[in-house]
Amino acid sequence: MRKSGLVTMLAAVLLGGLVPFVLSANAVNAEEEMRPDAITVSCKYPSATGPADTTFMFQVELTYRLTDMTYEQSIADTGRLQSRIFDFELSGPDGWEVFVAESSWKLDTRAKAMQLRALGVPQSMVVVAAAPWWENLAPGEYPIELKVSSGDIGDTINLKAVVTAWYGIEATTVDDRLNTTTTAGSPAAVDLIVTNTGSAALNKVSVSSTRPSGIANEQWVVRFEPDLIKDLAPGEEQQVRVSITPPENAISGDYYVTLSLAAEPTLSDYNPSLDVRVSIETRPTWVAIGVLIVVLAFGALMYAFFTLRQR
């Protein structure tokens, strides 16, 4: 047999024995990579409280580890530790926006999954929940559930957003006009519509006024009917008639009366107010008197003119 043929045969024999060895070694390594593992989801503060317009945030920690070794062993074995991609399944109340973010200062980075190595070291992320506050959300507890899974392993954590009552009112006029016209000493009427825009009932709603300064200690008179609104439910509205009477000696012109609203419990945002312009016109009687005076003065002047001319 030629030398080249012998070399070929030896190579075939050697390779024939080596290939099964390599395959078996890879199989052993593959078995070692899939060692028993587990994922744990935890949150130090699983309950958050705030009004409906709060952005609720929960810092959650994911811990992926091997279950057949201690933490010290896992640190020394980092070169062979396995990794997995874990999917997030997040559910919240109807109408809420819930998502997973990288951190509280990177809310625009939203995550649907995360790759973790079995180091046994907690990995932080943030669960964000935003309520539809514009729907007058009722106070109460709203559950949020996060499931983290990969294949046959996973864990679930239950979070809770506690929505507190939000108190707010809105005021406008019936015809959306903030001006009225009257004469000195005569009342002008303005009809207000007061609406509860909060998520809970208001025990009391009151209206007060800031009036222009009077002349010679004569003050403006502002009255409300009714002067107090009781038990105004969320979304409910009630009408209040405001009567504004300027003093008898008020000079013609434009004046402003500020109407301020307050409530019990205290409003969550601010106390609304309206500036109503009151235009005082000259009375028709005084106009007639003025015209009469002018006519009489003109007549007296003409009489004097013709009398002196005849002389």
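In what order do the 4 strands of the open sheet come, and is their pairing parallel or antiparallel?

Mentor: Happy to! Please keep in mind that this is a predicted model. The strands of this open sheet follow the order β11-β13-β17-β15, and their pairing is antiparallel. At the edges stand β11 and β15, the latter made of residues 221–225; each has a single partner strand, so one side of each is left without a neighbour in the sheet. From one strand to the next, the twist averages 25°.

Is Thr-173 buried or exposed? Its relative accessibility is 3%, and anything under 20% is called buried, so Thr-173 counts as buried. A polar atom of the Thr-173 side chain lies 2.9 Å from the backbone oxygen of Arg-177. If you set aside the neighbours within four places in sequence, Thr-173 is in contact with Leu-178, Val-190, Asp-191 and Leu-192.

Side chains of opposite charge can pair when their charged atoms come close. Here, the side chain of Asp-191 meets that of Arg-241 in a salt bridge, with 2.8 Å from N to O. Asp-191 sits in strand β13 (residues 188–196) and Arg-241 in strand β17, so this pair links distant parts of the chain, 50 residues apart. Arg-241 has a relative accessibility of 44%, which means that it counts as partly exposed.

One place to look is Val-221, whose bridge partner in β17 is Thr-245.

For comparison, look at salt bridges elsewhere in the model. The total is 7 salt bridges. One of them is between Arg-35 and Asp-68, where the closest N and O atoms are 3.4 Å apart. Arg-35 lies in the loop between α1 and β1, and Asp-68 in the loop between β3 and α2, so the pair ties together parts that are 33 residues apart in sequence. Arg-35 is buried, with a relative accessible area of 19%, whereas Asp-68 is partly exposed at 41% relative accessibility. Another salt bridge brings together the side chains of Lys-106 and Glu-102, at 3.8 Å from N to O. Lys-106 is partly exposed, with a relative accessible area of 35%, and Glu-102 is partly exposed too, with 43%.

Terms used: Residues are numbered from 1 along each chain as its sequence is written. This is a predicted model: local features need pLDDT of at least 70, side-chain atom pairs count only at pLDDT 80 or more; totals for chains, interfaces and linings use all residues. Side-chain values use heavy atoms; hydrogens and water are left out. Buried means under 20% relative accessible area, exposed over 50%, partly exposed in between (1.4 Å probe, protein chains only). A polar contact is a pair of N or O atoms within 3.5 Å; within protein, one must be able to donate a hydrogen and the other to accept it, and residues adjacent in sequence count only if both atoms are side-chain atoms. Contact means heavy atoms within 4.5 Å. Two strands pair if DSSP finds at least two bridges between them. Helices (H or I, at least four residues) and strands (E, at least two) are DSSP runs, numbered from the N terminus. Axes are lines fitted to C-alpha atoms, for helices over the stretch in contact, and angles run from 0 to 180 degrees between N-to-C directions. A salt bridge is a side-chain nitrogen of Lys or Arg within 4 Å of a carboxyl oxygen of Asp or Glu.
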